[in-house]
Amino acid sequence: MAIEVRIPTILRTLTDGSKAVEGKGGTLDELFSDLDARHPGLRARLVEGGKLRRFVNVYLNDEDVRFLGGLETEVSDGDNVTILPAVAGG
Amino acid sequence: MLTIERALVDKIVAHARADHPDEACGVVAGPAGSDRPARFVAMTNAERSPTFYRFDSMEQLRVWREMDDRDEEPVVIYHSHTATEAYPSRTDVSYASEPNAHYVLVSTRDAEDVEFRSYRIVDGVVTEEEVTVVESDSAEGRQATESH
């Protein structure tokens with residue numbers, strides 16, 4: 001078992017086109033570091049200055065992790081993580 | 001070039017007018033790879049602001065998943081400018097994250113004459129494109145009636 005992470009179109013250049021990848025870790029922070037080892041550059045697109053980037057939405061089992069614990073949110077095998085770039089502008 | 005049915009243009013403009021002076025936003029989904037907008041989805045502007053918009057994150061997840069399930073993609077991503085022209089702002093460009101989408105901008109600064117324009121925004125580069133409005137997009141054929 002692992003944690004499934006769904007990747008948005010704009011980041012699939014970092015996952016060889018894969019829509020979903022698998023990783024492991026006890027927190028989102030660890031999960032993103034684990035993914036970055038196989039998909040270099042992915043973490044930097046999600047994390048900046050030790051925090052989740054403001055215009056990236058990350059969901060754990062359909063909950064926005066901003067309302068959970070941000071990068072410190074605990075994750076475990078079997079969880080589903082979805083990444084979506086925020087749609088925003090001025 | 002963006003080809004879009006008049007009924008969809010009317011819905012986008014009506015949404016922009018209804019939310020004025022706040023910015024309105026939403027998507028028009030279409031079959032993946034078709035480049036044809038078909039299903040209008042008005043989104044909530046979580047910022048409720050005259051100068052900024054952001055899709056509500058939970059609503060976005062629901063709508064994006066629905067598109068995935070139906071094998072659709074966001075063919076059009078639209079929002080309104082309520083005091084300036086229908087041209088992507090610096091923030092629009094920096095947050096543009098769907099390289100395959102047509103970014104539609106509507107300006108409601110002139111209540112009588114709403115501007116409707118479309119752009120590609122890829123890697124920070126804005127390219128305006130022609131908009132062709134068709135009366136209907138039925139299988140029998142399309143009648144191009146107007147170009148902007």
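## Basis of the model

Residues are numbered from 1 along each chain as its sequence is written, while chains are lettered from A and ligands numbered from 1 in the order in which they are written. In this predicted model, local features need pLDDT of at least 70 and side-chain atom pairs count only at pLDDT 80 or more, whereas totals for chains, interfaces and linings use all residues.

## Chain A

Chain A has 2 helices and 8 strands; helices (H or I, at least four residues) and strands (E, at least two) are DSSP runs, numbered from the N terminus. Starting from the N terminus, the order of elements in chain A is β-β-α-α-β-β-β-β-β-β. Its radius of gyration is 12 Å, close to the 12 Å that the globule rule gives for 90 residues, so chain A is as compact as a globular protein of that length. The radius is taken over C-alpha atoms, and the rule is 2.2 Å times the number of residues to the power 0.38.

The C-alpha trace of chain A spans about 40 × 30 × 25 Å along its principal axes. Of the 90 residues in chain A, 30% are buried. A residue is buried if 20 or more other C-beta atoms lie within 10 Å of its own, exposed if 12 or fewer, and partly exposed in between, with C-beta atoms placed from the backbone.

## The sheet of chain B

In chain B, 6 strands form an open sheet in the order 3-2-5-6-7-8, with mixed pairing; two strands pair if DSSP finds at least two bridges between them. Strand 3 (39-43) and strand 8 (125-129) stand at the edges with a single partner strand each, so one side of each is left without a neighbour in the sheet. Strand 5 and strand 6 of chain B pair in the parallel sense over 6 bridges, and B:S80 stands opposite B:V106 in strand 6.

Helix 1 of chain B packs on the sheet, touching strands 2, 3, 5, 6 and 7, and its direction makes about 50 degrees with that of strand 6. Helix 2 of chain B lies across strand 2, strand 3 and strand 5, running at about 145 degrees to strand 5. Axes are lines fitted to C-alpha atoms, for helices over the stretch in contact, and angles run from 0 to 180 degrees between N-to-C directions.

## Nonpolar cores

In soluble globular proteins, nonpolar side chains tend to be buried together. The largest nonpolar core here has 33 residues, and B:V76, B:Y103, B:V104 and B:V106 have the most contacts inside it. Such a core is a set of buried Ala, Val, Leu, Ile, Met, Phe, Trp, Tyr and Cys residues joined through C-beta atoms within 7 Å. Apart from this core lies another, of 16 residues, including A:V21 and A:L52.

Leaving aside neighbours within four places in sequence, B:V104 is in contact with B:I12, B:V76, B:Y78, B:F116 and B:S118. Two residues are in contact if their C-beta atoms, placed from the backbone, lie within 7 Å.

## Where the chains meet

Across the interface, 15 residues of chain A are in contact with 20 residues of chain B. Strand 7 of chain A gives the most to its side, with 3 residues. Strand 8 of chain A pairs with strand 4 (residues 53-54) of chain B in the antiparallel sense over 2 bridges, and A:G89 stands opposite B:Y53.
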